[in-house]
Amino acid sequence: MLLALALAPALAAAAPRADEVRGFRFQIVTADDSAVTRRIADDLYKRLVPIFAGFRTELAQKRRMLYLAIGPAALREVAERRCDCAVISAFTSSQVWHTIQSALPTQQANSMTAVYAEPAPSDQLRLVSLLYRRPVRVAAILGSDTAFLKPVLAGPLEVEDYAAGDDINRILNRIAQTEVLLALPDSDIYNPENIRNILLSTYRHKQGVIGFSADMVRAGALATTYSEVEEINTQVAEMAGEFVASGQLPPPQFPRYFRTIVNEGVARSLELTVSDEARRFARPVPSRQP
């Protein structure tokens, strides 16, 4: 009893205030139960548990929540909660993320970040240089929801603006003298109504399309860099680790780890001899140190 009484003042002095936030907790938010979503969530959960394991379970309600929003619908759901939380979005395009984030109050918007679903333009341009092995003219078409990318693209690319109601064929004719079209995930431009026209027009003009997904390459684009689930999840976990260590969210970013897919049939039609260096262009996840 004497020992307990002697320790009591010290324990009281060390006890945190009732309103003090003690660490962090996480929740993975999904909007469907598909096999792909389950694969993403299961893999991500395994990566996040060790990061948050140091925080005591009994203090869970005093920890700040970090939501991991998987896909656009989950991101919209989390954005509507208006909570004192932080959000990392994944598997959502930069277009959709910016549209959702820009509509939020400033404080809430500043508590969100993302790993975008599509490849980094800089990596795509590096792939172009590996495929062509000579200077080529590259064009991109930007709509109102992807105009935020113009500062990144202007200079190395010839940028054409697209507005609602514009004739996509006229724009494609204006860039017909360029050798490469860098496609970006803009639903106003690359939608089911336009994509066939875009691929046929570029094919006629002997232009290579650098797609924004592996599926687009299989459909007729020349090539792209792309990231597998595990590569995106690795980056998300790294961002979560940064947040836990510093209390600050890293800025939104394009995928850090990737690999390349090339449509060999399209390459032959463009009379391109694809090098092994281009096929192997990648930035793999670093091996864990022992």
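A: What follows begins with a pair of helices, moves on to the loop with the disulfide, and then turns to charged side chains.

The model is a predicted one, and every value below is computed from it. On the side of helix 3 the contact is made by P72, L75, R76 and A79, while helix 4 contributes V96, W97 and I100. Sorted by class, this contact of helix 3 with helix 4 has six nonpolar residues, one charged residue and no polar ones.

The next stop is the loop between helix 3 and strand 3, where R82 has its place. The backbone angle phi of R82 is near 50 degrees, a positive value in a residue other than glycine. R82 counts as exposed, because its relative accessibility is 52% and the cut-off for that word is over 50%.

The structure holds one disulfide, and its partners are C83 and C85. In general terms, a disulfide is a covalent bond between the sulfur atoms of two cysteines. Here the sulfur atoms of C83 and C85 are 1.9 Å apart. The torsion about the S-S bond of C83 and C85 is about 50 degrees, so this disulfide is right-handed. Are the two cysteines buried or exposed, or something in between? C83 is partly exposed, with a relative accessible area of 30%, whereas C85 is buried, with a relative accessible area of 6%. The wording follows from the cut-offs, because buried means under 20% and exposed means over 50%, with partly exposed in between.

D84 brings us to the charged side chains. As a general point, side chains of opposite charge can pair when their charged atoms come close. The side chain of D84 meets that of R64 in a salt bridge, with 3.8 Å from N to O. This pair links distant parts of the chain, since D84 is in the loop between helix 3 and strand 3 (86-92) and R64 is in strand 2 (residues 64-70), 20 residues apart. With a relative accessibility of 64%, D84 counts as exposed, while R64, at 22%, counts as partly exposed.

That salt bridge can be set beside others, for a search of the whole structure finds 16 salt bridges. One of them joins R126 to E277, with the closest N and O atoms 3.9 Å apart. Here too distant parts of the chain are linked, with R126 in helix 6 (residues 121-132) and E277 in helix 13 (residues 276-279), 151 residues apart. R126 counts as partly exposed at 40% relative accessibility, and E277 is also partly exposed, with a relative accessible area of 48%.

Another salt bridge lies within a single helix. The side chains of D215 and R218 meet with 2.7 Å from N to O, and both residues lie in helix 10 (residues 214-219), three residues apart, which is about one turn of the helix. D215 and R218 are both exposed. Salt bridges can also join into a network, as they do where E264, D276 and R279 are linked.

Two glutamates complete the picture. E271 is in the loop between helix 12 (264-269) and helix 13, and this residue has a positive phi of about 60 degrees although it is not a glycine. E271 is exposed, with a relative accessible area of 68%. E230, in turn, lies in helix 11 (residues 229-246) and counts as partly exposed at 29% relative accessibility. E230 and D43 are 187 residues apart in sequence, yet their C-alpha atoms are 7.2 Å apart in space. If its neighbours within four places in sequence are left aside, E230 is in contact with R39, D43 and R47.

Notes:
Residues are numbered from 1 along each chain as its sequence is written. This is a predicted model: local features need pLDDT of at least 70, side-chain atom pairs count only at pLDDT 80 or more; totals for chains, interfaces and linings use all residues. Side-chain values use heavy atoms; hydrogens and water are left out. Contact means heavy atoms within 4.5 Å. Helices (H or I, at least four residues) and strands (E, at least two) are DSSP runs, numbered from the N terminus. Ala, Val, Leu, Ile, Met, Phe, Trp, Tyr, Cys and Pro count as nonpolar, Asp, Glu, Lys and Arg as charged, and the others, Gly among them, as polar. A disulfide is a pair of cysteine sulfur atoms within 2.5 Å. Buried means under 20% relative accessible area, exposed over 50%, partly exposed in between (1.4 Å probe, protein chains only). A salt bridge is a side-chain nitrogen of Lys or Arg within 4 Å of a carboxyl oxygen of Asp or Glu.
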